[in-house]
Amino acid sequence: MPIYEYKCGDCGKLTSVFTRSVSSPVDAVCRGCGGKKLERVFSKFAVHRTEADVLRDTGSEPQRLEDYKDPRQIGRWAERKFDEYGVEMPQEARQMIDAAREGDFPDAVKDL
Ligand SMILES: [Zn+2]
C-alpha cells in the first residue's frame, strides 16, 4: 500500500496518507492544522531511482567550468553523484570521463 507524504502549505507539517492504490485520489487534510493546501513530498526512501533518473539529473546540472581546467577533476562530480544515489555508473559515462581525463573531450564540452 503506497504511503504518500504531504507538506502543509499553511503550517509546514508533514502528513502521511495511506492510499489504496497509486491511482486512487487522495483527499488529504493536514494533521497539524486541518488545512487542505497540501503538497506532495517525495521522500528519497519512497522513490526508486533508476540510472536514467540519475543521468537526467546530472545532465540538468549546470556545468562547472572550473572542473575542466584540471583533468583530474573531470567527472569527479558525476562520480560523487552516482555514489550518492547508490547506483553504478553506466559504462558509457565511465568511458566518457576516462576519455576526457586523457584530453579527449565529448563535443558538448569542446564547445564551452
Ligand atoms: Zn497544516
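Q: A nonpolar core is a set of buried Ala, Val, Leu, Ile, Met, Phe, Trp, Tyr and Cys residues joined through side-chain atoms within 4.5 Å. Which residues make up the largest one here?
A: There are seven: Tyr4, Tyr6, Cys8, Val17, Ala28, Cys30 and Leu38. Strand 1 gives the most to this core, with three residues. A second, separate core has six residues, including Ala78, Val87, Ala93 and Ile97.

Q: What kind of model are we looking at?
A: This is a predicted model, where local features need pLDDT of at least 70, side-chain atom pairs count only at pLDDT 80 or more, and totals for chains, interfaces and linings use all residues. Residues are numbered from 1 along each chain as its sequence is written, and side-chain values use heavy atoms, with hydrogens and water left out.

Q: How do you know what counts as a helix or a strand?
A: Both are DSSP runs, numbered from the N terminus: helices are H or I with at least four residues, strands are E with at least two. By that rule the protein chain has four helices and three strands. Read from the N terminus, they go β-β-β-α-α-α-α.

Q: What makes strand 1 and strand 2 a pair?
A: Two strands pair if DSSP finds at least two bridges between them. Strand 1 (residues 3-8) and strand 2 are joined by five bridges and run antiparallel, so they qualify under that rule. Glu5 stands opposite Ser16, and the bridge partner of Tyr6 is Thr15. In the hairpin these strands form, five residues sit between them, and Gly12 takes a positive phi near 80°.

Q: Which strands stand at the edges of the sheet, and why?
A: The sheet is open, with three strands in the order 2-1-3 and antiparallel pairing. Strand 2 (14-18) and strand 3 (38-41) each have a single partner strand, so one side of each is left without a neighbour in the sheet.

Q: Which side chains of strand 2 are buried?
A: Thr15 and Val17 are, and they point to one face.

Q: How do you know where the buried residues of helix 3 lie around its axis?
A: Helix 3 (residues 91-101) includes Ala100, and its buried residues are Ala93, Ile97 and Ala100. Seen down the axis, they fall within an arc of 65°, so they line one face of the helix; the arc is that of the directions from the helix axis to the C-beta atoms. Gln91 and Glu92, on the other side, are exposed.

Q: Why does Ile97 count as buried, and what is it in contact with?
A: Its relative accessibility is 7%, so it counts as buried. Contact means heavy atoms within 4.5 Å. Leaving aside neighbours within four places in sequence, Ile97 is in contact with Ile74, Gly75, Ala78 and Met89. Ile97 and Ala78 are 19 residues apart in sequence and 8.9 Å apart in space, C-alpha to C-alpha. Helix 2 is included in what covers the buried residues of helix 3.

Methods:
Buried means under 20% relative accessible area, exposed over 50%, partly exposed in between (1.4 Å probe, protein chains only).
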